[in-house]
Every structure is written in C-alpha cells, then in structure tokens.
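This briefing covers strand pairing, selected residues, backbone geometry and a pocket. Please read it alongside the sequence and the model.

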Amino acid sequence: MKIPFCDFCVKSGSLCQKCKELIDSSKSSTLDLTLSRILLEEASRIRELDKVEFRKAYAEEDFLLVLSNNEGVKAIKNRKELVERIMRETGVKKVIVVDYKKDQKRKLEELVYPFRIVGLSKVWLPGNMTEFKITIEGEELDEKHVQKLEKLAKKLGVNVRIQAP
C-alpha cells in the first residue's frame with residue numbers, strides 16, 4: 001500500500017521531519033494522516049488494500065472525497081465495514097472515492113455516483129478555461145447536495161455546474 005506518510009509515523013502517531021513538512025506545507029493534512037492510519041490498520045485484515053495507492057482526502061461539510069488509484073476505488077467502495085469506520089472516525093456522512101488517474105469525465109462520474117449523468121457538455125470560457133455542465137438524476141438529490149459536489153469537483157481540479165432535472 002502507498003500512503004503519503006511513513007508507515008512508522010502513521011502507526012506511532014509521532015511524525016518525522018519529512019512527514020511534518022508534508023502537513024506544514026499543506027501538501028497533506030491531518031485528515032490524510034487519519035485516513036492513512038485507518039487504511040494501514042485495515043490492510044492486515046483486508047488483502048485488497050495492499051494494492052491501494054492513497055493520495056489525498058478532502059472534506060466538504062459532511063462529505064469526504066478520497067483520491068486513490070483504481071484498485072483503491074474498488075477496495076474501499078466494496079467494503080461496507082471499512083467505509084463505516086472511515087465515516088465514524090472522520091465524522092462524515094458520505095464517503096466518495098475517486099480514481100485520481102482517470103480523465104475529468106470519469107472523475108465526475110465517480111464523484112456523482114450513485115446518481116446518473118444524463119447530460120454532459122464542455123463549455124469553453126475566456127482565458128482558456130473550460131467548465132463542464134452536467135445534468136444528473138436520482139432520488140435524494142437536493143440543492144445542498146449539488147453544491148457540495150460542485151465544491152468537491154473544484155478540489156479535483158474540475159470546474160463544473162451540476163443541474164438536476
């Protein structure tokens with residue numbers, strides 16, 4: 001398993017100079033440290049976590065966005081007890097796992113899951129910027145939920161406007 005911190009630092013809770021610099025420079029956060037600890041502890045029980053490459057975690061109110069590789073997306077999403085432990089220890093209500101290696105459209109699909117994208121268009125803006133406009137459908141979709149997803153998409157580096165029909 002690959003995590004941003006040294007295994008020893010994560011297990012002991014005492015950070016070496018390199019790991020302290022990661023947090024001080026804001027490349028990583030205490031949330032990343034917490035998630036690294038959970039994944040490292042669960043790796044002895046869940047074999048699929050050996051192939052996981054955890055990159056970064058972002059929190060937006062009660063949503064947690066986890067950036068990992070494709071194996072990490074599968075391993076974390078398919079383990080309900082792992083997701084429940086992450087939610088319990090980080091204080092969030094929803095965990096979203098996205099493959100950081102995929103293109104922007106695939107990242108958006110994983111971000112809005114379990115909702116379905118029914119329309120997607122790319123808008124070119126002045127200053128050589130692009131923005132995606134997506135229409136998603138699904139139950140339990142309200143304006144607050146949409147705003148949280150848009151903020152998390154920005155943290156992924158994707159400008160998006162989400163509309164619900």
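A residue counts as buried when its relative accessible area is under 20%, and as exposed when that area is over 50%. The model described here is predicted. Asn69 has a relative accessible area of 5% and is therefore buried, as this value is under 20%. The points below take up the strands, then individual residues, then the pocket.

**Strand pairing**

- Strand β1 (residues 54-60) pairs with β2 in the antiparallel sense, over 6 bridges.
- Within the pairing to β3, Leu64 stands opposite Val95.
- Strand β3 is largely enclosed by the rest of the structure, because 5 of its 6 residues are buried.
- Strand β4 (residues 116-125) and strand β5 (residues 129-137) run antiparallel and are joined by 9 bridges.
- Leu120 has Ile134 of β5 opposite it.
- The hairpin of β4 and β5 has 3 residues between the strands, and Gly127 there takes a positive phi near 85°.
- In a regular strand, side chains alternate between the two faces of the sheet.

- Asn69 sits in the loop between β2 (63-68) and α4 (70-77).
- Which residues does Asn69 touch, not counting those up to four places away in sequence? They are Lys51, Val52, Glu53, Asp99, Tyr100 and Lys101.
- With one of these residues, Glu53, there is a contact at the backbone: the Asn69 side chain reaches the backbone nitrogen of Glu53 at 3.0 Å.
- Asn69 and Glu84 are 15 residues apart in sequence, and their C-alpha atoms are 20 Å apart in space.

**Lys56, in strand β1**

- Lys56 belongs to strand β1, and its bridge partner in β2 is Leu67.
- Is Lys56 buried or exposed? Its relative accessible area is 13%, so Lys56 is buried.
- The side chains of Lys56 and Asp32 make a polar contact of 2.9 Å.
- Not counting residues up to four places away in sequence, Lys56 touches Lys27, Ser28, Ser29, Asp32, Leu65, Val66 and Leu67.

**Arg85, in helix α5**

- Arg85 is placed in helix α5 (residues 80-90).
- A relative accessible area of 12% makes Arg85 buried.
- The side chain of Arg85 is joined to that of Glu89 by a polar contact of 2.7 Å.
- Leaving aside neighbours within four places in sequence, the contacts of Arg85 are Arg37, Ile38, Glu41 and Glu42.

**Backbone geometry**

- Most residues other than glycine have a negative phi, and most peptide bonds are trans.
- Ser26 is a residue other than glycine with a positive phi, near 65°.
- Ser26 lies in the loop between α2 (17-24) and α3 (30-43), and its relative accessible area of 59% makes it exposed.
- Glu61 is not a glycine either, yet its phi is positive, at about 55°.
- Glu61 counts as exposed because its relative accessibility is 52%.
- The peptide bond between Tyr113 and Pro114 is cis, with omega at about 15°.
- Pro114 is found in the loop between α6 (104-112) and β4.

**The largest pocket**

- The largest pocket holds about 220 Å³ of space.
- Which residues line the largest pocket? They are Lys77, Val83, Lys93, Lys94, Val95, Ile96, Val97, Glu110, Tyr113 and Pro114.
- Both residues of the cis peptide bond, Tyr113 and Pro114, are included in this lining.
- Val95, which stands opposite Leu64 in the strand pairing, is also one of the lining residues.
- Strand β3 (residues 94-99) gives the largest share of the lining, with 4 residues.
- By class, the lining has 6 nonpolar residues, 4 charged residues and no polar ones.

Conventions:
Residues are numbered from 1 along each chain as its sequence is written. This is a predicted model: local features need pLDDT of at least 70, side-chain atom pairs count only at pLDDT 80 or more; totals for chains, interfaces and linings use all residues. Side-chain values use heavy atoms; hydrogens and water are left out. Helices (H or I, at least four residues) and strands (E, at least two) are DSSP runs, numbered from the N terminus. Buried means under 20% relative accessible area, exposed over 50%, partly exposed in between (1.4 Å probe, protein chains only). Contact means heavy atoms within 4.5 Å. A polar contact is a pair of N or O atoms within 3.5 Å; within protein, one must be able to donate a hydrogen and the other to accept it, and residues adjacent in sequence count only if both atoms are side-chain atoms. On a 1 Å grid over the protein atoms alone, a cavity is a set of points where a 1.4 Å probe fits but cannot get out, and a pocket is an open set with protein on both sides within 12 Å along at least five of seven lines; lining residues have an atom within 4 Å of a point. Grid points are joined across faces, edges and corners, and a volume is the space filled by probe spheres set on the points. Ala, Val, Leu, Ile, Met, Phe, Trp, Tyr, Cys and Pro count as nonpolar, Asp, Glu, Lys and Arg as charged, and the others, Gly among them, as polar. Two strands pair if DSSP finds at least two bridges between them.
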